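Please read it beside the sequence and the structure.

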Amino acid sequence: MQYDAVIIGGGACGLMCAVQAGLLGKKTLILERNNKPGAKILISGGGRCNYTNLGTTPANFVTQNPDFLHGIFKRWTVDDTVRFFESYGIFGQEKTLGQLFPITNKAKDIVGVFTNLMFETGQDIWLDSLVKSVDQADGGFRICVDTPSEEKTLKTAKVVMASGGLPVQKLGASDFALRLARRFELAIVPTAPALVPLTITGKDAEWYASLSGNSVFSRVYNKEISFEENILFTHWGLSGPAILQISSYWRAGQEFTIDLLPQFSMEQIIKDERNSGGKRLLSQVLNDYFTRKMVDAFGKFLPLTTKIASLSKADAKLIVETIHRFQVKPAGDKGYDKAEVMRGGVDTNELNSSTLESKRIPGLYFGGEAVDVTGWLGGYNFQWAWASAYTIAQAI
């Protein structure tokens with residue numbers, strides 16, 4: 001009971017929570033199953049760590065309860081994130097679409113801020129420590145944890161679940177937070193991999209595989225949402241930023257649409273070619289906008305060897321439809337080990353939006369990826385981790 005709270009998980013949410021609690025004069029203990037803290041931070045952004053997004057709003061998150069986020073993001077803003085890291089020597093550089101990276105391009109510098117602050121504020125962390133159980137006891141909680149030396153039992157008044165979600169198993173990912181929530185009879189929004197590559201099987205698989213390695217700036221959309229970024233063809237289907245983004249809004253059996261040339265009008269291109277005599281072949285026109293491999297692949301659908309002047313109305317319509325409204329029906333996704341984050345989690349209706357404390361189990365808090373709040377690709381999930389951690393730290 002010497003700790004104000006025990007934090008389960010030493011990732012982004014857990015580290016920020018411990019540090020913010022420490023800055024308020026509180027004492028916490030982090031229990032981390034890995035042999036070092038911030039494992040997922042260290043690999044994020046290819047080891048560069050896209051630690052926030054300058055354009056963050058609740059609209060950039062997948063959740064059943066968007067209104068839940070407003071107060072949390074007002075309590076800890078993007079400006080707060082920027083100022084926090086700058087005050088400890090981390091200055092950001094903006095990349096694509098508001099993404100902020102350290103100018104050093106080193107994720108370890110982000111982790112270093114937390115480890116230094118934990119030392120300065122007297123917070124404790126046990127590494128290689130696997131939590132086996134959390135039970136209510138004596139007006140608080142009893143935690144059973146396997147440490148490198150022995151199995152220990154801790155008692156604490158407050159527990160913070162910051163153990164993340166199911167991606168990525170080799171980094172220690174687990175469903176412990178979800179199992180604990182279920183045991184305490186808290187509602188769970190169904191979970192699934194998110195920000196994940198999608199697979200294509202069946203009769204179209206060979207066509208996609210033939211384009212493996214081709215990257216195309218596209219607009220990918222469905223009835224809910226639209227993203228304009230690159231897509232990447234792979235030997236098993238589709239990846240790239242735009243595909244990862246739409247995957248959070250995709251469900252098995254659904255289709256989505258790709259505009260392969262969003263910055264131009266294929267209809268206008270054909271019209272202009274005809275006005276210039278229309279002597280060029282369709283393949284020659286498409287070569288102005290796509291790689292040779294991509295154009296050759298279009299031969300499965302389009303009359304590449306036909307001159308523009310000779311295209312029928314039906315041909316022209318087919319070309320426009322193929323380029324601007326290419327329909328995709330994935331077979332599935334690449335699973336949690338290839339996913340950036342988990343969709344779903346502890347239902348926000350179970351949590352107090354001012355503290356992130358369970359409404360049913362006093363003293364139990366949930367933050368970060370374990371909660372039904374899933375950000376877009378591009379630093380949004382880190383901003384949620386920092387904001388949820390700050391909210392919890394004020395409450396414990």
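The points below are grouped by topic.

The model is predicted: local features need pLDDT of at least 70, side-chain atom pairs count only at pLDDT 80 or more, and totals for chains, interfaces and linings use all residues. Residues are numbered from 1 along each chain as its sequence is written, and side-chain values use heavy atoms, with hydrogens and water left out.

**Domains**

- The protein is divided into domain 1 (3–191 + 341–393) and domain 2 (196–333), with bounds taken from an automatic or database domain assignment.
- The C-alpha centres of domain 1 and domain 2 lie 39 Å apart.
- The contact between them takes 7 residues from domain 1 and 11 residues from domain 2, where contact means heavy atoms within 4.5 Å.

**Parallel sheet**

- An open sheet of 5 strands runs in the order β7-β2-β1-β11-β21, with parallel pairing. Strands (E, at least two residues) and helices (H or I, at least four) are DSSP runs numbered from the N terminus, and two strands pair if DSSP finds at least two bridges between them.
- β7 (124–126) and β21 (364–366) stand at the edges with a single partner strand each, so one side of each is left without a neighbour in the sheet.
- The twist averages 20° from one strand to the next; axes are lines fitted to C-alpha atoms, for helices over the stretch in contact, and angles run from 0 to 180 degrees between N-to-C directions.
- β11 (residues 159–161) pairs with β21 in the parallel sense over 3 bridges, and Val-159 stands opposite Leu-364 in β21.

**Antiparallel sheet β3-β6-β5**

- Another open sheet has 3 strands in the order β3-β6-β5, and its pairing is antiparallel.
- Its edge strands, β3 (52–53) and β5 (92–94), each pair on one side only.
- Between β3 and β6 (residues 99–102) there are 2 bridges in the antiparallel sense; Gln-99 in β6 is the bridge partner of Asn-53.

**Hairpins**

- β8 (residues 130–137) and β9 (residues 140–146) pair in the antiparallel sense over 7 bridges, and Val-145 in β9 is the bridge partner of Val-131.
- The hairpin of β8 and β9 has 2 residues between the strands, and Asp-138 in the turn has a positive phi of about 55°.
- β14 (residues 215–221) and β15 (residues 226–234) pair in the antiparallel sense over 7 bridges. These two strands form a hairpin with 4 residues between them, and Val-220 stands opposite Phe-227 in β15.
- β15 also pairs with β16 (residues 237–239), in the antiparallel sense over 3 bridges. A hairpin joins β15 to β16 through 2 residues, and Phe-233 stands opposite Leu-238 in β16.

**Second largest pocket**

- The second largest pocket has a volume of about 240 Å³. On a 1 Å grid over the protein atoms alone, a pocket is an open set of points where a 1.4 Å probe fits, with protein on both sides within 12 Å along at least five of seven lines. Grid points are joined across faces, edges and corners, and a volume is the space filled by probe spheres set on the points.
- The pocket is lined by 16 residues, and the closest to its centre are Asp-204, Tyr-208, Phe-326, Gln-327 and Val-328; lining residues have an atom within 4 Å of a point.
- α7 (205–210), α12 (313–324) and β18 (326–328) each supply at least two residues of this lining, and the largest share, 3 residues, comes from β18.
- The lining divides into 6 nonpolar, 4 polar and 6 charged residues. Ala, Val, Leu, Ile, Met, Phe, Trp, Tyr, Cys and Pro count as nonpolar, Asp, Glu, Lys and Arg as charged, and the others, Gly among them, as polar.
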